[in-house]
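Please open the model in your viewer and keep the sequence panel beside it, so that each selection below can be followed in both places.

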Amino acid sequence: MGGAYIEDVHAVARLIPPGRVTTYGAIADFLTLGSARMVGWALYQGLATGEAVPAHRVVNRRGELTGRNHFPTPTCMQERLEAEGVVVVDDRIPAFDECFWSPASLLDT
DNA sequence: TGGATGACGTCAG
DNA sequence: TCTGACGCCATCC
């Protein structure tokens, strides 16, 4: 084992401000994982191990809630986002461009 | 050891 | 916008 990058992904996920979302690619690029798949997999491990990771704030590049199937309920991810003020329609975020948050913004200060 | 798998991304048609 | 194909890399069996 030694999946240290898993903790990195969790750390970045916790840095996502409420009401904002980010993408797998953004995290993958920020952590230089090289593959966005690793991000989704790492987040899945977080839920599987019971880690407190706001994985619902991580969506794909098109703003689709592709990972909702891994939550306790298919609507859990959507309800959590809506509770934070993120509008979700048809498992998608129409205002994704406005809600998008990049981990790179931490460096900008 | 090696093939299959996966919460994706990018490119081409 | 959608579909199909390839790459990506760690983990599972």
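Predicted model: local features only at pLDDT ≥ 70, side-chain atom pairs only at ≥ 80, totals over all residues.

Residues are numbered from 1 along each chain as its sequence is written, chains are lettered from A and ligands numbered from 1 in the order in which they are written, and side-chain values use heavy atoms, with hydrogens and water left out.

**Helix α1**

Select residues 4-15, which form helix α1; helices here are DSSP runs of H or I with at least four residues, numbered from the N terminus. The 12 residues of α1 reach 17 Å from the first C-alpha to the last, close to the 16 Å expected at 1.5 Å a residue, where the expected span is 1.5 Å times one less than the number of residues. Now colour I6, V9, H10, V12 and A13, the buried residues of α1; buried means under 20% relative accessible area, exposed over 50%, and partly exposed in between, with a 1.4 Å probe and protein chains only. These residues lie on the same side of α1, because they cover an arc of only 165 degrees around the axis, the arc being that of the directions from the helix axis to the C-beta atoms.

**DNA strand B**

Next, show the 16 residues around DNA strand B, of which Y24, R37, M38, R61 and H70 come nearest; a residue is near a strand if one of its heavy atoms lies within 4 Å of it. Of the atoms of DNA strand B that come within 4 Å of the protein, sugar and phosphate account for 46%.

- In the side chain of Y24, an N or O atom is 2.6 Å from a base nitrogen of DNA strand B.
- At T66, a polar side-chain atom lies 3.1 Å from a phosphate oxygen of DNA strand B.
- At H70, a polar side-chain atom lies 2.5 Å from a phosphate oxygen of DNA strand B.

Helix α3 gives the most to the surface near DNA strand B, with seven residues.

**DNA strand C**

Which residues come nearest to DNA strand C? Of the eight residues around DNA strand C, they are Y5, S35, R37, M38 and W41.

**Cysteines and L106**

Select C76 and C99. With a disulfide taken as a pair of cysteine sulfur atoms within 2.5 Å, the count comes to zero. C76 is in no disulfide, and the nearest cysteine sulfur, that of C99, is 18 Å away. C76 counts as buried at 15% relative accessibility, and C99 counts as buried at 11%.

Finally, go to L106 in helix α6 (residues 105-108), which is partly exposed, with a relative accessible area of 39%. Its C-alpha is separated by 9.0 Å from that of L15, 91 residues apart along the chain.

Technical notes
Helix = DSSP H or I, 4+ residues; strand = E, 2+ residues; numbered from the N terminus. Polar contact = N/O pair within 3.5 Å; in protein donor to acceptor, adjacent residues only side chain to side chain.
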